[in-house]
Amino acid sequence: MVQWWKDNAHLIAEAIDTAERTSGHQILVRVGPLGRHPARVADKIATRYSAASLVFCVDPQRRVFEVRWSHSLQLDPVRATASVQEHLRAHDLPSAITALAALLPHQEEGEELPDLIEETD
């Protein structure tokens, strides 16, 4: 079911908004193809949106997820991955956002970015 994320877009937006308000961090969800090398594509997207503390890259067609966080955050990669893994496997992006945002240290809010970006190529 490729449209699962669209069916849950309001829940995703709510999770982002709540996580941003409670953590002070910018969170971006980018939905679109990640190609044959999803890790590289996710790295480029995270670089393009470097003001975001967390970038969730979702390829609903291939059922691939990649998550990147700002280098300035001192997150334990094992703990961060464990916090989102089951949620993402279940296609529960709102819970994954909430779980990872809970690991972020609180900061003052910064520049406002879009929350959800859909790219078709």
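A helix axis here is a line fitted to the C-alpha atoms over the stretch in contact, and the angle between two axes runs from 0 to 180 degrees between N-to-C directions. Keep that in mind as we walk through this model, which is predicted, so local features need pLDDT of at least 70 and side-chain atom pairs count only at pLDDT 80 or more, while totals for chains, interfaces and linings use all residues. Residues are numbered from 1 along each chain as its sequence is written, and side-chain values use heavy atoms, with hydrogens and water left out.

Let's start with the overall layout. The chain holds five helices and four strands, where helices (H or I, at least four residues) and strands (E, at least two) are DSSP runs numbered from the N terminus. Read from the N terminus, the order of elements is α-α-β-α-β-β-α-α-β. Of the 121 residues, 45% are buried, that is, under 20% relative accessible area with a 1.4 Å probe and protein chains only. Among contacts (heavy atoms within 4.5 Å) with a separation of 6 or more, 72% join residues 24 or more positions apart.

Now look at helix H5, starting with its packing against H2. The axes of H2 and H5 are 8 Å apart, at an angle of about 10 degrees. The two helices are therefore roughly parallel, a label for angles under 35 degrees, just as roughly antiparallel is for those over 145. H2 brings Leu11, Ile12, Ala15, Ile16, Ala19 and Ser23 to this contact, and H5 brings Leu93, Pro94, Ile97, Thr98 and Ala101. Sorted by class, that is nine nonpolar, two polar and no charged residues; Ala, Val, Leu, Ile, Met, Phe, Trp, Tyr, Cys and Pro count as nonpolar, Asp, Glu, Lys and Arg as charged, and the others, Gly among them, as polar.

H5 (residues 93-101) also meets H4 (residues 77-89): their axes come within 8 Å and cross at roughly 165 degrees. That angle makes H4 roughly antiparallel to H5. On the H4 side, Ala80, Ser83, Val84, His87 and Leu88 take part, meeting Leu93, Ser95, Ala96, Ala99 and Leu100 of H5. This contact has seven nonpolar, three polar and no charged residues.

Finally, visit His25, in the loop between helix H2 (9-23) and strand E1 (27-31). His25 counts as buried because its relative accessibility is 1%. Its side chain makes a polar contact with the side chain of Ser53 at 2.7 Å; such a contact is a pair of N or O atoms within 3.5 Å, and within protein one must be able to donate a hydrogen and the other to accept it, with residues adjacent in sequence counting only if both atoms are side-chain atoms.

Methods. Parallel < 35°, antiparallel > 145°, perpendicular 65-115°, else oblique. Buried < 20%, exposed > 50% of the residue type's maximum accessible area, 1.4 Å probe, protein only.
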